[in-house]
Structure formats: structure tokens, C-alpha cells
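Please look over the model below.

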Amino acid sequence: MKKFFVLLSCIFSITIAGIMFSQPKVQAAEKTYTIGTDVTFPPFVYANSNNKYVGIDMELIRAIAKEEGFKADIKPIGFNAAVQSLSSGQIDGVIAGMTITDERRQKFDFSTPYYQSGIVMAVAPKSKITSLKDLKGKRVAIKTGTSGADYANSIKDRYGFKTVTFDDSDNVYNDVKNGNSAACFDDSAVLNYGVKTGLGLKIVTKPTNTGKYGFAVQKGKNQELLSKFNQGLEKLKKNGKYDQIIEKYTGSAATSSKKKENKQKDADGHTFVGLLKQNKDALLEGVWETIELTVVSIICATVFGVLIGLLGVIPNKFSQGFSTTVIYIFRGLPLLVLALFIYNGVPSLTGSKIPAFIAGIITLTLNEGAYTAAFVKGGIEAVDTGQMEAARSLGLPFGKAMRRVILPQGLKIMVPSFINQFIITLKDTSILSIIGILELTQTGKIIIARNLEGFRIWTIIAVIYLVIITLLTLLSKWVERRIKD
Ligand code: ASN
């Protein structure tokens with residue numbers, strides 16, 4: 001048992017040291033702002049073939065940051081997640097082709113507009129749909145929380161269609177291309193670019209609900225960042241850089257080279273080896289993040305779970321009640337709800353941010369810890385009651401009897417459950433992709449949003465998970481043998 005805890009502490013220290021050294025050092029002089037953005041919204045935001053975020057919005061915010069002397073830490077978490085995170089104060093700003101609307105103005109302050117777009121309907125190239133009237137009884141794809149979705153929802157009863165929502169524009173387009181949805185609504189600036197660069201959809205309506213894009217901060221907060229953005233944008237417009245950026249992404253040279261690039265990617269990006277090569281760095285980073293999350297969470301959840309489990313068996317009504325309540329709450333709550341509550345809910349109440357990684361660790365510690373507590377309690381209770389009575393009648397105090405007699409026997413019963421829980425913790429890290437942690441699953445989502453290679457990328461991701469799970473199982477079995485010796 002002692003060996004087990006020594007081993008756990010060693011792994012813990014190594015991981016913490018690893019995390020500390022892997023964090024980039026922040027320069028004291030420049031303030032860093034966390035800016036949320038969409039996953040794919042070309043030509044405004046998208047990952048290029050090196051998985052680096054580029055596009056009009058990315059170049060604008062980087063150029064403005066340089067001009068105004070601040071750092072922008074870009075978080076590509078998806079449009080809806082970015083807006084939610086901004087409203088709870090988890091991030092400082094959003095730049096994601098975000099349309100300035102009256103409704104949004106109630107919650108956010110917007111910069112001077114930097115682009116204009118409307119909303120259009122797009123269909124598959126061979127589709128017979130040419131107008132809104134043809135949508136009767138059909139299914140239409142939209143993106144969660146966007147102005148395109150609001151528009152579709154506002155006319156769906158009139159035209160008699162149903163909507164289906166996705167988190168990313170690429171998934172919206174894919175649903176139409178696959179024939180699952182008859183049409184989609186999205187921004188004209190984005191769909192026009194898509195049509196020019198070989199997206200494989202056609203636009204059938206004129207732009208409506210025209211609006212302007214702005215950079216957003218929480219209402220009344222981060223005004224300093226907002227004025228830096230406005231000043232920077234003004235400078236870029238004066239010195240010609242703004243026009244250069246727009247031309248770089250929307251000019252005819254840009255769109256035709258993007259079309260070629262897409263074709264080329266289509267030609268060589270359809271093999272497992274090709275995809276692995278293209279995405280090696282991103283996948284490795286995702287694996288590392290998953291391992292960090294897993295190791296730290298396993299250790300924290302084990303410590304927390306053992307403590308709560310022990311509180312449940314000591315002969316004290318209050319501590320038993322406390323233990324049962326903690327297990328009841330955190331085992332009962334769905335992991336996804338808990339993650340969103342900690343990451344988005346708590347900061348809106350307290351007003352202070354929780355980094356996504358920490359929110360993820362807290363989520364897993366509470367949830368996995370509750371399961372651990374339950375089997376720790378069960379394991380101890382499974383030891384014959386005569387053992388405790390015998391130890392106490394030999395004159396051992398409760399604590400000592402527990403440590404010397406009951407726990408060693410209980411631990412043997414618990415070991416398989418521990419191993420099981422470690423594996424579950426590893427798998428559960430994937431749920432944290434919802435709060436934008438760039439672990440393996442989120443990395444997969446981002447890659448697929450770019451290349452639409454769902455089958456192959458998810459196969460690669462599944463194999464990587466299985467490899468890590470096998471390694472974790474082998475390590476756990478080794479520890480199990482050491483404990484038994
Ligand atoms: N234009 C969209 C909106 O404001 C933003 C997006 O889809 N990234 O709702």
C-alpha cells in the first residue's frame with residue numbers, strides 16, 4: 001500500500017513538473033487576452049494544412065495585437081462555445097465573423113464593424129430546390145447559436161421545414177452534401193468563398209438580413225481591449241494592411257490557389273498514411289494533452305475518492321452523511337453537465353475565470369472521485385465484520401485497526417475497480433472537448449472540420465485511444481502485482 005502511494009506521488013510530481021515546463025513563459029510587459037473563435041469559418045477563421053489558425057479574422061487580431069502591444073491567445077472552440085464562454089467571462093473577446101445584432105448588443109459590446117455579410121441558402125449542386133417555397137416538409141441544416149440559425153428558425157413555420165443543428169459550419173455543409181438535409185443557411189461571405197474554392201454547394205437565394213461583423217467583449221467589461229481593437233483596426237485601414245488582408249483571402253488569386261490546394265488535398269489526403277503525415281503534430285499535441293489530463297485527474301480523483309470513501313465508513317453519522325451526499329451528487333450528475341457547470345456556470349456567478357484545463361481536472365476529480373469513493377466504501381464494507389471486531393478486541397484503536405487490518409484486505413478487493421476507473425477516466429477526458437480543451441477528441445474534431453475525413457480520422461483517433469488504454473492497463477497490472485507482493 002505504501003509502495004502504491006509512493007508510486008502515485010512520483011507520477012504526480014513528474015506530471016506537474018512536465019506541465020510547468022511545457023507552459024510557455026508569458027512576458028511580463030505584454031498583456032495577454034484570451035480570444036475565442038470558430039473552428040472553421042473560412043475565409044475568416046480556419047486551420048491551414050499545418051493546423052495553424054489563419055483567415056481574415058486571425059490576421060486582423062494578430063496584426064492589431066502587434067500594433068497595440070498585446071498578446072492574443074486564440075482559442076478555436078467553436079462559435080457557440082466562444083459566445084457562451086464570453087458571456088460567462090471565461091474569455092476576453094470573440095472574433096469569429098460575429099454578426100452585430102440588436103439582441104447581442106444587450107450582452108456584448110462590439111468594435112467598429114470590419115466586414116459585411118448577409119444570409120443565404122445553399123443546396124447540393126444537383127438539387128432541384130431553387131427557393132424557400134421548395135423547402136416544405138424538408139430538413140434544413142443550421143449552425144448552433146448563429147444569426148443564420150436565427151433566420152432559419154424565424155421562417156421555418158411559414159415555409160414548413162424542420163431544422164437540424166450542428167456546431168460547425170463544415171458539419172452543416174456535409175449534411176447537405178450527404179443528402180441528409182435538403183439545404184442550409186449560412187453567411188453569404190462564407191458560402192460565396194466556399195463556392196469559389198470548391199466546397200461543392202450552390203447558393204440559390206439572394207443575401208438577406210444583411211449585417212456587419214464586429215469583435216465582441218462582455219458588455220461594460222474589457223473596454224481597454226475594445227478600444228485597442230478599434231484603434232488598431234483604424235491604423236490597419238489607414239496603412240493599407242486591412243485591404244491587403246482582405247485581398248490575401250478573397251482576391252481571385254487567393255481563391256483559385258485555395259481551390260487548387262483543396263483539389264490537391266483531395267488527391268493525396270485520402271489515405272491513412274497521408275492523413276497521419278499531414279496531422280502528425282496536431283495529433284501528438286492532442287495525445288500529450290489527453291495524457292496530462294488523465295494522469296493528473298487519476299491522481300486527484302484517487303486521493304479525493306479514497307478520502308470520501310473513508311469518511312463513509314468511520315463510525316460518525318455526520319461524516320457518513322457527507323460521504324453519501326458527495327457520492328450521490330457527483331455520481332448522479334452527467335459528466336457533460338458538470339463540465340459545463342464548472343467551466344461556464346461557476347465563473348458567471350463568481351466573476352473569476354477558471355482555465356479550461358483546471359476546470360477539466362476539477363470535473364474529472366469530482367465525478368471519477370465519486371465513483372472511486374463508492375467502491376472504496378464498498379471494498380471496506382466487504383471485509384468481514386468479524387475482522388474489525390477481532391482487531392478491536394485485541395485492543396487496537398479504530399484508526400489502527402482500519403489501517404493495519406481492514407484496509408490491506410479491502411484494497412485487494414478494490415484493485416480491479418481502481419484499474420477500471422483509471423481506464424474510464426482516460427475515456428472521459430474526451431468529454432472535455434466540449435469546453436474547448438485541445439485533447440485528442442477535440443483535435444480530431446478540428447482536423448475533420450477542415451478535411452471532412454470523418455471515417456479515417458476517427459479510426460486513427462480510436463486506435464490511439466486503444467493504444468494508450470493498453471499501456472495504462474499494463475501499468476496498472478504491474479502496480480497491482482507490486483501491491484500483492
Ligand atoms: N455570422 C455568424 C453569427 O454571427 C458567426 C459564425 O457563424 N461564426 O452568428
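Q: Is Lys280 buried, exposed or partly exposed, and what makes it so?
A: Lys280 has a relative accessibility of 49%. Buried means under 20% relative accessible area, exposed over 50%, and partly exposed in between (1.4 Å probe, protein chains only). Lys280 therefore counts as partly exposed. This is a predicted model, where local features need pLDDT of at least 70 and side-chain atom pairs count only at pLDDT 80 or more, while totals for chains, interfaces and linings use all residues. Residues are numbered from 1 along each chain as its sequence is written, and side-chain values use heavy atoms, with hydrogens and water left out.

Q: Why is the meeting of Asp281 and Lys280 called a salt bridge?
A: A salt bridge is a side-chain nitrogen of Lys or Arg within 4 Å of a carboxyl oxygen of Asp or Glu. For Asp281 and Lys280 the N to O value is 4.0 Å, so the pair counts as a salt bridge. Asp281 is at 52% relative accessibility, so it counts as exposed.

Q: How many salt bridges does a search of the whole structure find?
A: The search finds eleven. One of them joins Lys248 and Glu59, with the closest N and O atoms 2.6 Å apart. This pair links distant parts of the chain. Lys248 sits in helix H9 (residues 241–250) and Glu59 in helix H2 (residues 56–68), 189 residues apart. Helices here are DSSP runs of H or I, at least four residues, numbered from the N terminus.

Q: What separates Lys238 and Glu234 along helix H8?
A: They are four residues apart in H8 (residues 223–238), so about one helical turn separates them. Lys238, at 69%, counts as exposed. Glu234, at 44%, counts as partly exposed.

Q: Why are H11 and H14 called oblique to each other?
A: The axes of H11 (residues 272–311) and H14 (residues 356–382) come within 6 Å and cross at roughly 40°. Axes are lines fitted to C-alpha atoms over the stretch in contact, and angles run from 0 to 180 degrees between N-to-C directions. Under 35 degrees counts as roughly parallel, over 145 as roughly antiparallel, 65 to 115 as roughly perpendicular, and the rest as oblique. H11 and H14 are therefore oblique.

Definitions and conventions:
Helices (H or I, at least four residues) and strands (E, at least two) are DSSP runs, numbered from the N terminus.
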